[in-house]
Amino acid sequence: LDLTRTGESAGKNEEMLVFPNPTTGEVIIQFNNQMSGEVDLSFIDITGKQVIKVLSKHLPDGTYSYTANLKDLSVGTYYTVLKTPTKVVTNKTILIK
């Protein structure tokens with residue numbers, strides 16, 4: 001688990017950033033958790049099937065950065081899904097080789 005709590009915002013009006021995008025494998029996911037509680041972070045394919053469970057744990061409020069490796073997935077479009085106590089955020093992520 002490569003999860004880092006940072007003091008930096010994921011972006012002025014951004015709730016989650018995924019970069020680089022498109023990617024060849026490794027991505028950095030930055031997100032804000034506004035309320036302490038259970039946080040789930042995963043990648044789903046275009047059919048809605050979960051292909052990677054990145055994170056599922058209780059986190060205090062704060063800003064986090066996580067590195068995920070998508071190299072074992074096929075080239076295509078995936079969705080990064082962040083579920084926190086206060087919101088659900090989805091971000092399209094494109095994997096190229």
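The model is predicted, so local features need pLDDT of at least 70 and side-chain atom pairs count only at pLDDT 80 or more, while totals for chains, interfaces and linings use all residues. Residues are numbered from 1 along each chain as its sequence is written, and side-chain values use heavy atoms, with hydrogens and water left out.

**Sheet**
- Strand 7 and strand 8 pair in the antiparallel sense over eight bridges, and Gly76 stands opposite Leu95 in strand 8.

**Salt bridge**
- The structure holds one salt bridge, defined as a side-chain nitrogen of Lys or Arg within 4 Å of a carboxyl oxygen of Asp or Glu; the side chains of Lys53 and Asp40 form it at 3.7 Å, N to O.
- This pair links distant parts of the chain, with Lys53 in strand 5 (residues 50-59) and Asp40 in strand 4 (residues 37-44), 13 residues apart.

**Lys87**
- Lys87, in the loop between strand 7 (76-83) and strand 8 (88-95), is buried yet has no salt bridge, and the nearest side chain of opposite charge, Glu15, is 4.2 Å away; buried means under 20% relative accessible area (1.4 Å probe, protein chains only), and charge counts Lys and Arg as positive and Asp and Glu as negative, without His or the chain ends.
- The side chain of Lys87 reaches the backbone oxygen of Asn32 at 3.1 Å.

Key:
Helix = DSSP H or I, 4+ residues; strand = E, 2+ residues; numbered from the N terminus. Buried < 20%, exposed > 50% of the residue type's maximum accessible area, 1.4 Å probe, protein only. Polar contact = N/O pair within 3.5 Å; in protein donor to acceptor, adjacent residues only side chain to side chain. Pairing = 2+ DSSP bridges.
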